[in-house]
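Me: I've got a structure here and I'd like a close look at one part of it. Could you walk me through that spot and how it sits in the chain?

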Amino acid sequence: GLVTTHHDELARETVYQDLAKTLPPHLLKETWHAIGRLDADTTGLLLMTNDGALVHHATQPGSKVAKSYSALCKGLLQPDQLDALRNGLPLSGGVGVSGPAEIEVEAYEVATTWLRITITEGK
C-alpha cells in the first residue's frame, strides 16, 4: 500500500506520488495535503485538499473534528479492555496518553473483535 507522507525515508510510494499520476496538469502545481492519514496496511477514505486553512481546522485537536475508524482487533475484547480504550491508553514512544474515544463493538468473530473507534485527536 501507499503511505501518507510527502517524503518517505524508506522510499516507499506515497499517496502524493500516486495523486500526481492522476491530476490534470494545471493542478500539479498546487500543494496538496491529506486530511488524516492511512498506514500502508490500512484502507479507507483519505481527503486531499490544497486548502491549508481546512487542513489546519480538521487536524487540530482543539477543533474536535470526529474521525471514525473500523478496526479488527485480535482477541475477544472484554468490557475492561473496551473501557481502557474509551478512557485513553499510554502511547509508545513516550508521547503521552491517547485522548478519550467512543468505542462500539461492531461484531465478535472467531478470536477477533471488530470495533468502531471515534476520536477527536490524532495521537
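Here is the part I mean, followed by the reply.

Me: Where is T4 found, and which residues does T4 touch?

Reply: Quick housekeeping first: this is a predicted model, where local features need pLDDT of at least 70, side-chain atom pairs count only at pLDDT 80 or more, and totals for chains, interfaces and linings use all residues. Residues are numbered from 1 along each chain as its sequence is written, and side-chain values use heavy atoms, with hydrogens and water left out.

Now to T4, which is found in the segment before α1 (15-22); helices here are DSSP runs of H or I with at least four residues, strands are runs of E with at least two, and both are numbered from the N terminus. T4 counts as buried because its relative accessibility is 6%, and the cut-offs are under 20% for buried, over 50% for exposed and partly exposed in between, using a 1.4 Å probe and protein chains only. Leaving aside residues up to four places away in sequence, T4 touches V15, A34, G36, R37, L38 and L46, where a contact means heavy atoms within 4.5 Å.

As for the rest of the chain, there are 3 helices and 5 strands, and from the N terminus on they run α-β-β-α-β-α-β-β. Buried residues like T4 make up 27% of the 123 residues. Of the contacts with a separation of 6 or more, 43% come from residues 24 or more positions apart. The C-alpha atoms fill a box of roughly 50 × 35 × 25 Å, taken along the principal axes.
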